[in-house]
Amino acid sequence: DLHSFPTRRSSDLHIERGERTTSYVASVGIGGDSIEPVSTTHYHVSQCSAVADGAAVSCVRQNATTPPEIALVDSTEPDGVRSLTHLNPVFDSIALGAIEEVRWTNRYGERANGFLIKPTDYRPGTRYPLLVMMYGFGNKFSAQAGNLSFPAQAFAGSGFAVLLMNFPSYQPFRWGGDDAAAATHADRDSPVAALEAAVNTVEIGRAHV
């Protein structure tokens, strides 16, 4: 998923590059011989737009524990973007559970990933109840409901560990075909196996939960 933005330098473009769980801004040479990230994947940078002469590119910047803010693409900043707004100061005083991305492989050899939110009062060595939510998660602010029925951080604040789980990346079946076996694997067997593997991964990774 690519969106391009011309800059004042005629030799390159800024592009918004969306991947499965993140989005960032990169600089691309007109000849296509180089792609250099401008913003880091520490933040999810999206919905970018540029002024007419390409003097500046603004985007929405966020990550799992940082609310969305309007930011300016700035290669001199450590993360490649500089926030221009502080729209949700209330979150400065709200405790949020720490989040880390976890990856695993199911019994079919298909890889999946998710984001594990630890309870806000997390203590190493303590066991916590686990909730699994799915699917379609990226490095976006987790205190909003988004495509969920409930904001995941509310459960973290109540003592739950929450795994925001994505389906396996390998899905050979596409609707419109007539292969029932492939459809069953893609939409039932593989996701269920990924869920089983996810729970086992979190269970075994005692540093996680």
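View 1. Arginine 188 counts as exposed, at 52% relative accessibility (buried is under 20% relative accessible area, exposed over 50%, partly exposed in between, with a 1.4 Å probe and protein chains only). The model is a predicted one, in which local features need pLDDT of at least 70 and side-chain atom pairs pLDDT 80 or more, while totals for chains, interfaces and linings use all residues. Residues are numbered from 1 along each chain as its sequence is written, and side-chain values use heavy atoms, leaving out hydrogens and water. Here arginine 188 forms a salt bridge with aspartate 189, with 2.8 Å between the closest N and O atoms (a Lys or Arg side-chain nitrogen within 4 Å of an Asp or Glu carboxyl oxygen). Aspartate 189 is partly exposed, at 22% relative accessibility.

**View 2. Lysine 118 meets glutamate 100.** The side chains of these two residues, lysine 118 and glutamate 100, come together in a salt bridge of 3.6 Å, N to O. Lysine 118 sits in the loop between strand E10 (111-117) and E11, while glutamate 100 belongs to strand E9, so this pair links distant parts of the chain, 18 residues apart (strands, E, of at least two residues and helices, H or I, of at least four are DSSP runs numbered from the N terminus). Lysine 118 is buried, with a relative accessible area of 17%, whereas glutamate 100 is partly exposed at 27%.

**View 3. Glutamate 101 and arginine 103.** Look here for a salt bridge between glutamate 101 and arginine 103, whose closest N and O atoms are 2.9 Å apart. Glutamate 101 is partly exposed, with a relative accessible area of 33%; arginine 103 is exposed, at 60%.

**View 4. A four-stranded open sheet.** The strands run in the order E9-E10-E12-E11, and their pairing is mixed (two strands pair if DSSP finds at least two bridges between them). Strand E9 (99-105) and E11 form the edges, each pairing on one side only. On average, neighbouring strands of this sheet are turned by 25° against each other, direction ignored (axes are lines fitted to C-alpha atoms, with angles from 0 to 180 degrees between N-to-C directions). E11 pairs with strand E12 (residues 161-165) in the parallel sense, over five bridges. Leucine 131 stands opposite valine 162 of E12.

**View 5. A nonpolar surface patch.** Val132, Met134, Tyr135 and Val199 make a patch of about 320 Å² (residues with over 30% relative accessible area and no salt bridge, nonpolar side chains joined within 5 Å and like charges within 9 Å; areas by Shrake-Rupley, 1.4 Å probe). Valine 132 lies in strand E11 (residues 130-134) and is partly exposed, at 31% relative accessibility.

View 6. The structure holds three aromatic pairs (Phe, Tyr or Trp six-membered ring centres within 6.5 Å; planes under 30 degrees apart are stacked, over 60 edge-to-face, the rest tilted). Phenylalanine 91 and phenylalanine 141 pair edge-to-face, 4.9 Å centre to centre with 90° between the planes. Phenylalanine 91 is in the loop between strand E8 (81-83) and E9, and phenylalanine 141 in the loop between E11 and helix H1 (152-156), so the pair ties together parts 50 residues apart in sequence. Phenylalanine 91 is partly exposed, at 22% relative accessible area, and phenylalanine 141 is buried, at 6%. Phenylalanine 155 and phenylalanine 160 also pair edge-to-face, with ring centres 6.2 Å apart and planes at 90°.
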